[in-house]
Structure formats: C-alpha cells, structure tokens
Amino acid sequence: MSFFNPVTMSRAPQPRLRVAAALWEELMHRLRERGGGVHESGAFLLGTGEGPQRAASSFVLYDDLDPNCLAEGYVRFDGRYYGRLWELCRRDSLSVVADVHTHPGGAGQSRSDKTHPMVSIPGHIALIVPNYAQTPVSAADVGVYVYRGRYRWGNYRGRRATIVLDIHTEELQIQ
Ligand SMILES: [Zn+2]
C-alpha cells in the first residue's frame, strides 16, 4: 500500500517566472540567429527573485560562455564554463532564474535533458523552445520543466505552461 499523498504534493509552491515581452522577443531572436535553423542553441536567464517567484532581466547565450557548446548540433555545455556564468551573476548581483534551449521539433524533454539539468537545484526551471525558435513562440508553445531533484521534473505544457512562464507587456512607469 502506498502512502503517497497528492494533496501534500500539490502544496509545493507554484513556480512562476516573469519575463517582459521585449526581453522574450530579444531572446527568441538571438536563439534563432545562433541556431540558424540547423542546430540547437540556448541561454541562461538571469534575474532576481526569492524561491518560486522569479523575474528575468537579462540572459547570456551558452555559446558566448562556451564557444564550442553548439558544435555537435545539440547543446553540450562544458562544465568548466560555469565559472564565467557565476562571475557574471556576482558582478550584476543576479542569479540564474531559468535555462532555455531550442529543439528541432517539439518541446518535449530528451533523455539527456532529464538526466543533465543545467542547474541541479530543486525548483530550477528549464524551458524548451520548439522548431529552433524559427516561428513566433508564445508561452503556450514552450515546454516548461521544473526540477524536483533526483532527475525528476514537473512538466507544464500548453495552458499550464502559461501559468509558470508569464511573458508580460510592461506597463508604462508614469511618475
Ligand atoms: Zn534538449
């Protein structure tokens, strides 16, 4: 008999990642450009936020940190380059709020995506963008995965993806 309790599980705080529409467009543009429609590309999203509530304010492309990481056609980020990433975070007082990479087809996780989280901290958010980001990408198109530890992931797709990934148009700041 199992004492697995779905009620307790559902109490895990709902992660939320806010990204301004302009930043998202810029990110998609760069991923599209770096992938050239023929190979995967990716980035770390940097930002601020405590626990499950996070906001992205910038990004750093994988191949700007590790020049060889796209050479195989899929992302293979060399662990030696994490130092540069942490250095950037320290310099700007930001943290890694998510990672994102493109896939040739759908936005499902590959076996390697599941077994090699870019940041192995429970609660980390990994985004997968379909079609090498060649077409406009809304939040509902993105595969949103939340790391649970021990190579297990929460999976948010379609309408549920839009609950975690909030791409918002910034209101004008009138003072
Ligand atoms: Zn992948």
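Which elements do the buried residues of H4 pack against? They pack against E2, E3, helix H3 (62–65) and E4. The model is predicted: local features need pLDDT of at least 70, side-chain atom pairs count only at pLDDT 80 or more, and totals for chains, interfaces and linings use all residues. Residues are numbered from 1 along each chain as its sequence is written, and side-chain values use heavy atoms, with hydrogens and water left out.

Helix H4 spans residues 82–92. Helices (H or I, at least four residues) and strands (E, at least two) are DSSP runs, numbered from the N terminus. Tyr82, Leu85 and Cys89 of H4 are buried. Buried means under 20% relative accessible area, exposed over 50%, and partly exposed in between (1.4 Å probe, protein chains only). Seen down the axis of H4, the buried residues fall within an arc of 60°, so they line one face of the helix. The arc is that of the directions from the helix axis to the C-beta atoms. Exposed Glu87, Arg90 and Arg91 sit on the face turned away from the buried side of H4. Ser93 follows H4 and has a positive phi, near 55°.

Helix H2 has 15 residues. From first C-alpha to last, H2 reaches 21 Å, close to the 21 Å expected at 1.5 Å a residue. The expected span is 1.5 Å times one less than the number of residues. Leu23, Trp24, Leu27, Met28, Leu31 and Gly35 are the buried residues of H2. They fall within an arc of 135° seen down the axis of H2, so they line one face of the helix. Their packing partners are E1, E2, E3, E4, E5 and strand E8 (165–168). Contact here means heavy atoms within 4.5 Å. Just after H2, Gly36 takes a positive phi of about 55°.

The largest nonpolar core holds 28 residues. Such a core is a set of buried Ala, Val, Leu, Ile, Met, Phe, Trp, Tyr and Cys residues joined through side-chain atoms within 4.5 Å. Leu17, Trp24, Leu27, Leu45, Leu127, Val144 and Leu165 touch the most other members. Elements giving two or more residues to this core include strand E1 (16–20), helix H2 (21–35), strand E6 (143–149) and helix H6 (159–164). H2 gives the largest share, five residues. A second, separate core has 17 residues, among them Leu46, Tyr62, Leu65 and Leu94.

Leaving aside neighbours within four places in sequence, Trp24 is in contact with Val19, Leu127, Val137, Val142, Leu165 and Ile167. Leu17 is found in strand E1. Leu17 counts as buried, at 1% relative accessibility. Not counting residues up to four places away in sequence, Leu17 touches residues including Leu45, Val97, Ile125, Leu127, Val164 and Leu165. The C-alpha atoms of Leu17 and Val164 are separated by 5.9 Å, although the two are 147 residues apart along the chain.

The zinc ion has protein donors His101 (NE2), His103 (NE2), Asp113 (OD) and Asp113 (OD), lying 2.0 to 2.5 Å from it. Donors are N, O and S atoms within 2.8 Å of the metal (3.2 Å for Na, K and Ca); water is not among the atoms, so sites may look incomplete. Along the chain the donors follow the spacing H-x1-H-x9-D. Angles among the four donor atoms run from 56 to 151°, and the site is irregular. Four donors count as tetrahedral if all angles lie between 85 and 135 degrees; four count as square planar and six as octahedral if opposite donors are over 155 degrees apart and all others between 65 and 115; anything else is irregular. His101 is buried, with a relative accessible area of 8%. His103 is also buried, with a relative accessible area of 8%.
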